[in-house]
Amino acid sequence: MTPLWPARLHYLQRSSADPERLARWYGVLLGDAVEALPDGAWLVQGHERRLLVGRGAPGAVPEFALAVRDAAHLATLAAALDAAGVSRAPAGSPLLLDGAFAVTDPDGRRVLFGLPLRAHGGRAGLPGRLQHFVCASARVPEMLAFYRDKLGARESDRVLEGEELAAVFLRSDPEHHVFATFRAPESRPDHHAYETGGWMDIRDWGDRVASLRIPMWWGPGRHGPGNNLFFMVEDPEGYKVEFSAELEHLQEDAEFRTWPHEERTLNLWGSAWMRS
Ligand SMILES: [Fe+2]
C-alpha cells in the first residue's frame, strides 16, 4: 500500500487583496460561518468543508492540506518522504494539529500533511464535502512525477494529446481524484470541488446559486474521468468552484486509463472548458 493511502483534502487556502470580502462571498455561497483568525486570515467553515483566505495575489491557492488517518500514518508517510528524498519542513496551521509538515510541488505550491483540527465543525448547510483541488500547470509531467512518484498518489486517469499529457487525475483514497492538473501555458490554480450526496443535491445547489443570482459558469454535465455530475460557478476573482456528485471510486491497485484530448472527455454531455 502506498504510504499516502488513505488521505483526504482537509482545506485549501485562497489568497486575495481583500481577504475579508472574498471570505464573505464564500460564506454567502456556501451558507457557512466566516471567522477572522488571529493571523489576519479568514476561515470559512461549514460541515465537512473549510477554506482559508489570506492576503496575497488574487486568485492564488498558495497551499492545500491533506489529512491522514492518525499519528502512526503521519509518521510512516514522513519516513517514506524522507527515504524518497523529498524535502519537508514543519508547518503550523490553524486547521492542523501540531506535528504537521509541508512539501513544495514543482509549481511552488505548498502541500501540507497532518491530522485535522475542526474536522466536523460549523453549521450544517447543504451537503458538500471539500473533496478535490485542481490546478493548471505549465509542467504537467513534472507534477505527475512529483505527486505520483514522490508523494505516492495513485494515477487514476490521464488525458493525452498525441504523446503529450494534457491532464492527469490522482487519488489518495478510493475517490477518483483528490488532485488533478491540466496542461496550460502558465501555472495557476483552477478550481476546487464539493462532493455532494447525489443529483438532488446538485439541484439544490443549483437553486441556491440561482437565488443568489450567481450564474452557472459551466454545466451541468458529467465528466469523463471520474464520471461525476457537476456544475461550476466563478468566484469574484475568476477562480472556479465546482459542485459534484457520483464521483467514481477505484481500488488502490487499479491501473490508470487514457482519454483523448477532446471536449467529450471533459463533459460527456456537451461542451467543455479546454485549458489548452
Ligand atoms: Fe473538478
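Here is a short chat about the iron site and the sheet in this predicted model.

Biologist: What should I know about the numbering and the cut-offs?
Modeller: Residues count from 1 along each chain as its sequence is written, and side-chain values use heavy atoms, leaving out hydrogens and water. As a predicted model, local features need pLDDT of at least 70, side-chain atom pairs count only at pLDDT 80 or more, and totals for chains, interfaces and linings use all residues.

Biologist: Which residues coordinate the iron ion?
Modeller: Donors are N, O and S atoms within 2.8 Å of the metal (3.2 Å for Na, K and Ca), and water is not among the atoms, so sites may look incomplete. Here the distances run from 2.0 to 2.1 Å. The donors are NE2 of two histidines and OE of a glutamate: His132, His191 and Glu242.

Biologist: How many residues apart in sequence are the parts that His191 and Glu242 tie together?
Modeller: The donor spacing reads H-x58-H-x50-E. His191 sits in strand β13 (188–195) and Glu242 in strand β16 (240–245), strands being DSSP E runs of at least two residues. So the pair links parts whose separation in sequence is 51 residues.

Biologist: Are His191 and Glu242 buried or exposed?
Modeller: Buried means under 20% relative accessible area, exposed over 50%, partly exposed in between (1.4 Å probe, protein chains only). Both His191 and Glu242 come out as buried.

Biologist: Which strands stand at the edges of the sheet?
Modeller: Nine strands make an open sheet with mixed pairing, where two strands pair if DSSP finds at least two bridges between them. Each edge strand has a single partner, so one side is left without a neighbour in the sheet; these are β14 and β17.

Notes:
Helix = DSSP H or I, 4+ residues; strand = E, 2+ residues; numbered from the N terminus.
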